Amino acid sequence: IGRGNPKSRTQDAATTGVTDTGYIIDNAGNVSSCTTVVKLDLTDPTAGTVTMTAGGSTIASGAEVNKDVTVTLKNGSDTGTVQSNHYTTKYTVVRDGTTVSNNITASQTYSAEGNYTVTVTTYDQSGRYSTRSYTFMIDKTAPVCGTISGQSTTWINSTRNISVACSDPNGVAKSGCTSSSFSGSWSSSTKTSSITIKDQAGNTKACGVDVYVDVDKPTCGTI
């Protein structure tokens, strides 16, 4: 059975390398030295990022769009004073509470309507990690024409002002109308027309309206 000078030491400061050496001695008097190098990284890495594009344009976190969204990953980094270096960066995508992509690195395109959360996680070689999150909504459902105010099938020879209420109750994701009502004004001869309503994602719908404005003077016939 051997004997020696076992010792312990707590390393609580970041270091790129501290060498500890201990010795063991067997009963015959033979001595061996045991050396270990302690490296300690106490700084979290910098989380990676993603670029999100819809219809060829970059969108910001929180965007509401009516097009497919492509998510592309950029690695994080480990730039502390004492660093163990970047190990891996991956991202996870959740739509309406359900994970649709888990710990992936490749670019992915998402087309289903819903509310999305993208979480990027970067690990360094020591096991420390950081996260960064993004959100976006895909809403491909048009808003709904509501109550129409001001329209009539009675002819007038003056300006008629008409408004249409807008609502966005349908679809999996509801971005909401850009305005509660949309209006139009006609002062030239028009029988019927339309007012276009719009939601936050860019979906539109034309709502037909009865204008019945006639400002043209009648023509005398044969006398």
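Predicted model: local features only at pLDDT ≥ 70, side-chain atom pairs only at ≥ 80, totals over all residues.
Colleague: Which parts does the pair of aspartate 44 and arginine 128 tie together?

Modeller: Aspartate 44 lies between strands S3 and S4, and arginine 128 between S11 and S12, so the pair joins parts 84 residues apart in sequence. Aspartate 44 is partly exposed at 39% relative accessible area. Arginine 128 is also partly exposed, at 29%.

Colleague: Where does lysine 140 form a salt bridge?

Modeller: With aspartate 68; their closest N and O atoms are 2.6 Å apart. Lysine 140 sits in the loop between S12 and S13, aspartate 68 in the loop between S6 and S7, so this pair links parts 72 residues apart in sequence. Lysine 140 is partly exposed at 37%, and aspartate 68 at 35%.

Colleague: How many aromatic pairs does the whole structure hold?

Modeller: Four. One of them joins tyrosine 110 and tyrosine 116: tilted, 5.7 Å centre to centre, 55 degrees between planes.

Colleague: Are tyrosine 110 and tyrosine 116 buried or exposed?

Modeller: Buried means under 20% relative accessible area. Tyrosine 110 has 6%, so it is buried. Tyrosine 116 is buried too, at 2%. Ring pairs link Tyr110 and Tyr116 with Phe136 in a cluster.

Colleague: What about the rings of tyrosine 123 and tyrosine 129?

Modeller: Their centres are 5.4 Å apart and their planes at 40 degrees, so the pair is tilted. Tyrosine 123 is partly exposed at 34%, and tyrosine 129 at 47%.

Technical notes: Residues numbered from 1 in each chain as written. Heavy atoms only, no water. Helix = DSSP H or I, 4+ residues; strand = E, 2+ residues; numbered from the N terminus. Buried < 20%, exposed > 50% of the residue type's maximum accessible area, 1.4 Å probe, protein only. Salt bridge = Lys/Arg side-chain N within 4 Å of Asp/Glu carboxyl O. Phe/Tyr/Trp six-rings, centres within 6.5 Å; stacked < 30°, edge-to-face > 60°.
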